[in-house]
Amino acid sequence: MRNRHNVELRQWAVVRVRFRPGDRDEHPGVIISSDEHCADTRVARVNILHGTKIAPGNPSRAHQSLLNSAEGLEFLTAIDCSYFYTVEKDAITAALGVVSPERRRALKRTIIAAYRLHA
């Protein structure tokens, strides 16, 4: 499904979004809702992980996973895996790239660790 900005909404897409309507700036994010959820026109919101630009050499925190230009980002970006945001589909303004299968596994491990979902 494409939103009003003509952005294709898919799981693992790296996108630019204003997380809260009152935010001045947009931030990178990773869609984690399923493709079926993204494509359902009856559903107005998707789940997204929030990204924050970090300086090279700064270590990530335990609840963060790092993405970079391989995913279409301009800067090294820490993705917060400890909180799932829900945003309006139309709040997503641009597609930047896609998370690679290897980095998807890293994000999943970080989410499991952050939520203490270990067996």
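Of the contacts in the chain with a separation of 6 or more, 62% join residues 24 or more positions apart, a contact being heavy atoms within 4.5 Å. The model is predicted: local features need pLDDT of at least 70 and side-chain atom pairs count only at pLDDT 80 or more, whereas totals for chains, interfaces and linings use all residues. Residues are numbered from 1 along each chain as its sequence is written, and side-chain values use heavy atoms, with hydrogens and water left out.

The chain holds 2 helices and 6 strands, arranged from the N terminus as β-β-α-β-β-β-β-α. Helices (H or I, at least four residues) and strands (E, at least two) are DSSP runs, numbered from the N terminus. The radius of gyration is 14 Å, close to the 14 Å given by the globule rule for 119 residues, so the chain is as compact as a globular protein of that length. This radius is taken over C-alpha atoms, and the rule is 2.2 Å times the number of residues to the power 0.38. Along the principal axes, the C-alpha atoms fill a box of roughly 40 × 35 × 25 Å.

Of the 119 residues, 33% are buried. Buried means under 20% relative accessible area, exposed over 50%, and partly exposed in between (1.4 Å probe, protein chains only). Ala62, in the loop between strand S3 (45–53) and strand S4 (64–67), is exposed, with a relative accessible area of 77%. The C-alpha atom of Ala62 is separated by 31 Å from that of Val7, 55 residues apart along the chain.
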